[in-house]
Amino acid sequence: MSTILRSNITGFQMPTLLYPTSALAPAISQATIEYHYGKHLQAYVNKLNELVAESDFEEMTLREIVEFAPEGPLFNNAGQVLNHSLYFEQFTPTAPTNNHPTGALESSIKFDFGNFDTLRKKMEEAATTLFGSGWVWLAQDETGKLNIINCINGDNPIRHHMTPLFGIDVWEHAYYLDYQNRRADHVKKLWSIVDWEMIESRLNM
Ligand code: MN
C-alpha cells in the first residue's frame, strides 16, 4: 500500500520512487519521470504542505484530507499527491512478458468484466475520451465490485467511497514529452509496466 510519510516538522514527504528514473523506458521515458515525479509531484507536495499548515486539516491523514476537504486548492493538491503516490508505485521495470493480473484480482476482473482484455479496452477507451485533465481509475466499491471511473483534475475514488486500485494519469504532463498528442499510444504502452501484484495488494478483501 502507498505510504505517505508525514512528519510534524517537514510535513508530507515525497513517496520513494521504487525504480531508477530510466527504468520504465520506453513506455515512460527518463525525462518524463524526472519531470513528472521530480517537478510536478514535488510541486504538489510543497503546495499541499503550505496549504495544510494554514487549514483546519493539519491533524488529518492524506486520505482523510482527500475524502473530506472542500473543493478548492487544498483538496486539489492533496488529491494529486495521493494520485501520484499510487501512480508511481503501481509500475515496475521487471513485469513479465504477457503481463496480466493474477490471483484474487484476476478472479474479480473476470467476475466484473468477463476478462482482462475487456477491462483493458474499456480503460483505454475511457482514458482516450476523457476531456481535459484527469484520471481514469480501476476502483473497488463498498460491495467489492470493480468499476472504471473518470476523475476530473485531482479527484480520487476515495472521494466517491471507493478504493483506488490502478490509475491512468491523462494530464498532458504524463505523456506529452514522449507521445505529444498521442494519448492513446501512451496508454497502450502502460500495460507492459503495470505491477499487478501491487494492484492486487490494494484490494479490500
Ligand atoms: Mn500527473
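Colleague: Which residues are the protein donors of the manganese ion?
Modeller: This is a predicted model, in which local features need pLDDT of at least 70 and side-chain atom pairs count only at pLDDT 80 or more, whereas totals for chains, interfaces and linings use all residues. Residues are numbered from 1 along each chain as its sequence is written, and side-chain values use heavy atoms, with hydrogens and water left out. Donors are N, O and S atoms within 2.8 Å of the metal (3.2 Å for Na, K and Ca), and sites may look incomplete, as water is not among the atoms. At 2.0 to 2.2 Å from the manganese ion lie atoms of His36 (NE2), His84 (NE2), Asp169 (OD) and His173 (NE2).

Colleague: How many residues apart in sequence are the parts that His36 and Asp169 tie together?
Modeller: The donor residues of the manganese ion follow the spacing H-x47-H-x84-D-x3-H. Helices (H or I, at least four residues) and strands (E, at least two) are DSSP runs, numbered from the N terminus. His36 belongs to helix α1 (residues 30-53) and Asp169 to strand β5 (residues 163-169), so the pair joins parts separated in sequence by 133 residues.

Colleague: Are His36 and Asp169 buried or exposed?
Modeller: Buried means under 20% relative accessible area, exposed over 50%, and partly exposed in between (1.4 Å probe, protein chains only). By this criterion, both His36 and Asp169 are buried.

Colleague: At what angle do the axes of α1 and α3 cross?
Modeller: Axes are lines fitted to C-alpha atoms, for helices over the stretch in contact, and angles between N-to-C directions run from 0 to 180 degrees. Contact means heavy atoms within 4.5 Å. Among the contact residues are His36 of α1 and His84 of α3, which are also donors of the manganese ion. The axes of α1 and helix α3 (residues 73-89) come within 9 Å, and the angle at which they cross is roughly 140°.

Colleague: What arc do the buried residues of helix α4 cover around the axis?
Modeller: In helix α4 (residues 103-113), the buried residues are Leu105, Ile109 and Phe113. They lie on the same side of α4, because the arc, taken from the directions from the helix axis to the C-beta atoms, is only 40°.

Colleague: Which elements do the buried residues of α4 pack against?
Modeller: Gly114, with a positive phi near 95°, follows α4. The buried residues of α4 pack against α5, β3 (134-140), β4 (146-152) and α8 (196-201).

Colleague: How far apart are the axes of α5 and α7?
Modeller: Helix α5 (residues 116-129) packs with helix α7 (residues 183-190) at an angle of about 150°. Glu124, Ala127 and Thr128 of α5 contact Arg183, Ala184, Val187 and Lys188 of α7. The distance between the two axes is 9 Å.
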